[in-house]
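Subject: The structure I promised you

Hi,

Have a look at it first, then read on.

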Amino acid sequence: MHENFDLGLLLELAAQKKFRQLKSVLVEMNEVDIAEFLDEVEPEQQAVIFRLLPKDVAAEVFAYLEDSEDQEKLIGALSDKELREVLDELYLDDTVDIIEDMPANMVSRILRNTDASTRSQINQLLNYPKDSAGSLMTTEFVSLHPDATVEESFARIRKEGLDKETVYTCYVTRNRVLEGVVTVRRMLLSTYETHIRDIMESNVLSVHTHTDKEEVAQMFSKYDISALPVVDSDERLVGIITFDDAMDVMEEEATEDIEKMAAILPTDKPYFQTGVVETWKHRVPWLLLLMISATFTGTILGVFEDALASNAALTLFIPMLMDTGGNSGGQASVTIIRAMSLGDIEFSDWLRVIWKELRVAVLCAVTLGVVVFAKVILLDRKSVTVALVVSLTILVTIIIAKLVGCTLPMLAKKLGFDPAVMASPFITTVVDALSLVVYFAIATRILDL
């Protein structure tokens with residue numbers, strides 16, 4: 001299996017229609033790399049190259065194609081027999097993921113080419129809420145009976161395991177109720193006569209079908225597990241979620257948080273699949289909101305217009321003060337948002353968070369205050385009183401910014417909003433206005449404006 005592949009060589013072989021040579025290279029490659037290669041191939045060649053692949057490899061490659069439009073075109077190019085062969089090799093959760101992104105006519109064709117049992121399971125999974133564990137799970141797992149021996153259990157695994165998502169971890173059920181979990185490693189180290197109930201782990205981590213998928217992803221990260229059973233309201237095992245699906249959720253949630261923290265409405269489409277108008281729709285609402293909220297800054301400057309006119313030197317330091325305050329608040333908010341997403345912080349910890357951020361803020365404020373005092377006198381050549389105004393403003397602004405930055409995300413989550421919306425752009429706008437109020441309040445007292 002090649003760790004790296006020569007994309008140029010593959011494209012050249014495809015262009016020259018040297019398909020026999022191309023096939024010999026492809027069968028040695030990783031399925032992910034083949035999917036990446038297919039993304040680069042002209043649409044009319046994709047189906048031809050796809051047909052060169054063995055059935056099991058073709059199914060894996062199909063699932064790894066990033067562009068749903070490529071999947072749609074391939075489905076359109078394949079005959080019913082070829083499509084049925086691909087679907088037979090696909091794991092159920094991958095089939096459901098593909099269907100969710102397909103137009104209705106493609107969905108009907110996919111369902112038409114699956115057997116009745118698979119079709120029923122697909123429809124069941126599609127009925128779960130989009131962000132729930134039920135929509136994420138697969139029903140392809142190995143279940144064992146607690147009274148079965150290791151020898152009987154291995155026979156069952158050999159018989160059923162080929163079509164299952166994982167066989168390393170097996171789930172112990174009685175009348176479909178989850179009673180425990182046992183690994184193949186534990187079974188291999190036990191005698192054939194040993195009963196599963198004697199070697200299974202009965203303290204099993206599980207989630208319910210309607211558990212939020214973000215919470216599921218956090219459990220994978222926290223407990224370092226490879227699979228997680230999903231149970232219904234009667235504690236009956238209905239499916240499992242594997243680590244690769246949890247990783248996809250982590251990536252989706254991280255992308256969504258980054259977009260919200262950059263003041264962009266989230267989208268689940270790849271960059272080049274999102275049209276210009278759609279991108280505009282995702283960005284402009286927050287820009288409008290932030291622009292309108294930023295008018296408070298102009299209003300504050302208007303109120304203190306006479307003070308600025310009497311001491312023009314104050315104007316020079318406004319950008320530095322606003323930037324420093326915004327950066328300080330942004331640091332605190334990003335740290336808190338990340339900690340909440342990992343489950344390290346709950347709203348009940350708000351006093352501990354404020355106490356810690358207050359101490360950090362004081363240390364940062366004193367450090368920057370001393371540095372800016374020296375800068376204003378030595379580099380900007382301003383008076384000691386102006387330097388004192390600027391340094392005191394820096395000190396107070398940083399403390400306020402840190403406190404605002406750590407409390408707003410926690411408050412947002414408590415009120416049911418996504419904490420990510422309280423990230424840098426929003427907090428910067430709030431802190432900008434507060435820093436100006438502090439600046440002119442201190443200046444009017446010290447400089448007697």
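Before the findings, one term: a residue is called buried under 20% relative accessible area, exposed over 50%, and partly exposed in between (1.4 Å probe, protein chains only). Keep in mind that this is a predicted model, where local features need pLDDT of at least 70, side-chain atom pairs count only at pLDDT 80 or more, and totals for chains, interfaces and linings use all residues. Residues are numbered from 1 along each chain as its sequence is written, and side-chain values use heavy atoms, with hydrogens and water left out.

**Surface patches**

Patches are made of residues with over 30% relative accessible area and no salt bridge; like charges are joined within 9 Å, and nonpolar side chains (Val, Leu, Ile, Met, Phe, Trp, Tyr) within 5 Å. The areas come from the Shrake-Rupley method with a 1.4 Å probe, and for residues only the protein chains shown count as cover.

E89 sits in helix α7 (residues 80–89) and is partly exposed, with a relative accessible area of 37%. Helices here (H or I, at least four residues) and strands (E, at least two) are DSSP runs, numbered from the N terminus.

There is a nonpolar patch too: F347, W350, L351, L411, L415 and F417 together have about 620 Å² of accessible area. L351 belongs to helix α21 and is exposed at 55% relative accessible area. V370 is also found in helix α21 (residues 350–378), and V370 is exposed, again with a value of 55%. V370 and L392 are 22 residues apart in sequence, and their C-alpha atoms are 9.4 Å apart in space.

**Salt bridges**

A salt bridge means a side-chain nitrogen of Lys or Arg within 4 Å of a carboxyl oxygen of Asp or Glu. How many salt bridges does this rule give? The count comes to 10.

One of them joins D131 and K213, with the closest N and O atoms 3.6 Å apart. This pair links distant parts of the chain, 82 residues apart: D131 is in the loop between α10 (116–126) and α11 (133–136), and K213 is in helix α15 (residues 213–223). Are the two partners buried or exposed? D131 is partly exposed at 43%, whereas K213 is buried at 8%.

R156 and E160 form another, at 3.7 Å between the closest N and O atoms. These two are 4 residues apart in helix α12 (residues 150–160), so about one helical turn separates them. R156 is partly exposed at 35%, and E160 is partly exposed at 24%.

Then there is E179 with R174, at 3.1 Å. Salt bridges with shared partners tie D147, R174, E179 and R197 into one network. E179 is partly exposed at 27%, and R174 is partly exposed at 31%.

**Strands**

Strands of a sheet pair through backbone hydrogen bonds, either parallel or antiparallel. Two strands pair here if DSSP finds at least two bridges between them.

An open sheet of 3 strands runs in the order β1-β2-β3, with mixed pairing. β1 (143–144) and β3 (177–183) are at the edges with a single partner strand each, so one side of each has no neighbour in the sheet. β1 and β2 pair in the parallel sense over 2 bridges, with L144 opposite V172 in β2. Strand β2 (residues 169–174) and β3 are antiparallel over 6 bridges, and R174 has V177 in β3 as its bridge partner. In β2, 5 of the 6 residues are buried.

Now look at strand β5 (residues 227–231): 5 of its 5 residues are buried, so β5 is largely enclosed by the rest of the structure. A227, P229 and V231 point one way from β5, and L228 and V230 the other way. Strand β4 (residues 207–208) pairs with β5 in the parallel sense over 2 bridges, and H208 stands opposite V231. β5 and strand β6 (residues 237–242) are antiparallel over 5 bridges. They form a hairpin with 5 residues between them, and E235 in the turn has a positive phi of about 65°.

Cheers
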